[in-house]
Amino acid sequence: MAKLSLREFQEELARKLSDTSGATSTRALLGLQSGAELWLIDLAESGEILPVPALTPVPLATGWLRGVANVRGVLYAVSDFSAFQGNAPTALTSDARLLLPHAKFGCNSALLVSRVLGLRALDDFEPADAAADPRPWVSTQFSDTQGRLWRRFDPRKLYTDARFLDVAA
């Protein structure tokens, strides 16, 4: 059996989930934690997820831009998703992960998150009775069976947000 890269494995998994369900977004979402917030991202919208590699700081950049990372010869600007939103910076623990953007977004901006929480079924959530979230990259809010609030992440809206694109200090 031939070896697959992590990206090929994730794309194959997303394809299989899509084939069996008819629509990836209704069956499988990826759960992420960024600081104290819980997030859901559609597998069709997510790219590769990997442990945090060495980060090279970028002088004169905003504090939430943690640096650049070389991933198989491609440079990614690494943004701390929690710190960008005004929360505490993400600790670089063994649980921290980089979420690389899906190729369809055409950007090299990786998000640093606290941890990946695995696949979640949308059927396990109820619409939340929460106030509307002002952040444009929050498309919907849900509650799980334990009453925890989850936010559905729209990466396209984040990657085109003017404040996100302005990394100058």
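**Close-up views of the predicted model**

View 1. Leaving out residues up to four places away in sequence, Gly118 touches Leu29, Leu30 and Gly31. The model shown here and in the other views is a predicted one. Gly118 has its place in strand S8, which covers residues 115–120, and with a relative accessible area of 25% this glycine is partly exposed. Gly118 and Ala28 are 90 residues apart along the chain, and their C-alpha atoms are separated by 9.7 Å.

**View 2. The protein chain as a whole, for orientation.** Five helices and eleven strands are found in the protein chain, and of its 169 residues 42% are buried. Where contacts join residues at least 6 apart in sequence, 58% of them link residues at least 24 apart. The accessible surface of the chain amounts to about 9100 Å², and carbon and sulfur atoms account for 55% of that surface.

**View 3. The largest nonpolar core and Trp137.** The largest nonpolar core holds 21 residues, of which Phe81, Leu111, Trp137, Phe153 and Leu158 touch the most other members. At least two residues of this core are supplied by each of strand S1 (29–34), strand S2 (37–42), helix H3 (81–84), strand S7 (109–113) and helix H4 (155–159), and the largest share, three residues, comes from H3. Apart from this core lies another one of ten residues, including Ala69, Val71, Tyr76 and Val78. When neighbours within four places in sequence are set aside, the contacts of Trp137 include the aromatic residues Trp39, Phe81, Phe84 and Phe153. Trp137 is also in contact with Gln85, Arg152, Asp154, Lys157, Leu158, Asp161 and Arg163.

**View 4. Thr62 in the loop between S3 and S4.** Thr62 belongs to the loop that lies between strand S3 (46–51) and strand S4 (65–71). Thr62 is counted as buried because its relative accessible area is 17%, the cut-off for buried being under 20%. A polar contact of 3.1 Å is made between the side chain of Thr62 and the side chain of Trp64. Among residues beyond four places away in sequence, Thr62 touches Val167, Ala168 and Ala169.

**View 5. The open five-stranded sheet.** Five strands form an open sheet in the order S3-S6-S7-S5-S4, and their pairing is mixed. S3 and S4 stand at the edges and each has a single partner strand, so one side of each is left without a neighbour in the sheet. On average, and with direction ignored, neighbouring strands of this sheet are turned by 30 degrees against each other.

**View 6. Strand S7 and its two partners.** Strand S6 (residues 97–101) pairs with S7 in the antiparallel sense over three bridges, and Leu99 stands opposite Leu111 in S7. S5 and S7, in turn, pair in the parallel sense over four bridges, with Ser109 in S7 as the bridge partner of Ala77.

**View 7. The hairpin of S4 and S5.** S4 and strand S5 (residues 74–80) run antiparallel and are joined by six bridges; the bridge partner of Leu65 is Ser79 in S5. Two residues lie between the strands of this hairpin, in which Arg72 takes a positive phi near 50 degrees.

Notes
Residues numbered from 1 in each chain as written. Predicted model: local features only at pLDDT ≥ 70, side-chain atom pairs only at ≥ 80, totals over all residues. Heavy atoms only, no water. Buried < 20%, exposed > 50% of the residue type's maximum accessible area, 1.4 Å probe, protein only. Contact = heavy atoms within 4.5 Å. Areas by Shrake-Rupley, 256 points an atom, 1.4 Å probe, with all protein chains shown as cover. Core = buried A, V, L, I, M, F, W, Y, C linked by side-chain atoms within 4.5 Å. Polar contact = N/O pair within 3.5 Å; in protein donor to acceptor, adjacent residues only side chain to side chain. Pairing = 2+ DSSP bridges. Axes fitted to C-alpha atoms, helices over the stretch in contact; angles between N-to-C directions.
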